[in-house]
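Subject: Structure handover

Hello,

Please find the structure below. My notes on it follow.

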Amino acid sequence: MMGPSHALSGAAVWLAGSWALDQFSDYHQTPLALAVGTAVCAGGALFPDLDLSGKVTRNQGGATVARTFGVFSLFIAEVMEKISLGVYYATKLSKDPRRNNGHRTLTHTLPFTVLVGWGTTALCAHFGKWAVVSILFFMIGLALRGLFDEWAERAGWVIVTLASAAAAWFTFANLPGDRGYPLIGLAVGVGCFVHILGDMITRAGVPILWPIPIKRRMWTMVGLPNGIALRTGSKAEVIVLRAALTVLAVLAAVGLVAPSVLQRFNIEV
């Protein structure tokens, strides 16, 4: 799947999940907490593609998300890809093919998803303000790059970086710490998991069963059969899938916001 589809899926899943918790578990979130969770989950849904790097010195290539912060994020993607490729070769078995890059390996696994979610919460709890602001800055930047891809492309990475920094600082200054820190880690983890599910419906698939060895393969790619799999960049993805995700996100958002709006104006339904 393409970057905007991943980001939109993260936002839609977080909003839908928040609506379900509100309806069936009486778990209410402030508008700011809801917005933060949605943005961080959208950013988290792009994070696994930081294993696809480009040309750092030229600020070119790589996944869309790798260009979010210009050469800085491209450098992170370069490091992530090399680490992923190293883990692949360190754990591959005889039937695993040779690879030239680490895309769709380590960062597209369940252990990585759990580690990122837990690690985010641990960093926020241990280092406090600066860890929270840094993580929010990074994830909000990814969300802006994914959800508003055309605007971000025109504006350039400097504007995206400044907007991310301002949003991160405002969010930290107003987000309650008692529930805010675990919320951030959960949103990142859910976003990464949604990304994996999104790539599973494409032809290439993902190694979601890693590190379970199957028929002398450690990196078995799991995905839909070619006949029904989603083709990246096709009309089915860009028009049908994104439309469905948008409708889901809007309906969930309306379901979350409408009751408080009606109550504010003393309107009974």
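Val71 is found in helix H3; helices (H or I, at least four residues) and strands (E, at least two) are DSSP runs, numbered from the N terminus. This is a predicted model, in which local features need pLDDT of at least 70 and side-chain atom pairs count only at pLDDT 80 or more, while totals for chains, interfaces and linings use all residues. Residues are numbered from 1 along each chain as its sequence is written, and side-chain values use heavy atoms, with hydrogens and water left out.

Surface patch

Val71 belongs to a nonpolar surface patch of about 810 Å², together with Phe72, Leu147, Phe148, Trp151, Trp157, Val158, Ile159 and Leu162. Patches are made of residues with over 30% relative accessible area and no salt bridge; like charges are joined within 9 Å, and nonpolar side chains (Val, Leu, Ile, Met, Phe, Trp, Tyr) within 5 Å. Accessible areas come from the Shrake-Rupley method with a 1.4 Å probe, and for residues only the protein chains shown count as cover. Helix H3 (71–91) and helix H7 (157–174) each supply at least two residues of the patch, and H7 gives the most, with four.

Salt bridges

There are five salt bridges in the structure, a salt bridge being a side-chain nitrogen of Lys or Arg within 4 Å of a carboxyl oxygen of Asp or Glu. Glu78 and Lys82 form a salt bridge through their side chains, at 2.5 Å from N to O. These two, Glu78 and Lys82, are four residues apart in helix H3, so about one helical turn separates them.

Helix packing

H2 (residues 31–44) packs on H5 (residues 129–147) at an angle of about 75°, the axes being 7 Å apart. Axes are lines fitted to C-alpha atoms, for helices over the stretch in contact, and angles run from 0 to 180 degrees between N-to-C directions. H2 and H5 are therefore roughly perpendicular to each other (65 to 115 degrees).

Loop between H8 and H9

Two backbone points are listed here. Trp210 and Pro211 are joined by a cis peptide bond, with omega about 10°; Pro211 is in the loop between helix H8 (177–200) and helix H9 (235–264). Lys215 lies in the loop between H8 and H9 and has a positive phi of about 50°, although it is not a glycine.

Regards

Notes:
Parallel < 35°, antiparallel > 145°, perpendicular 65-115°, else oblique.
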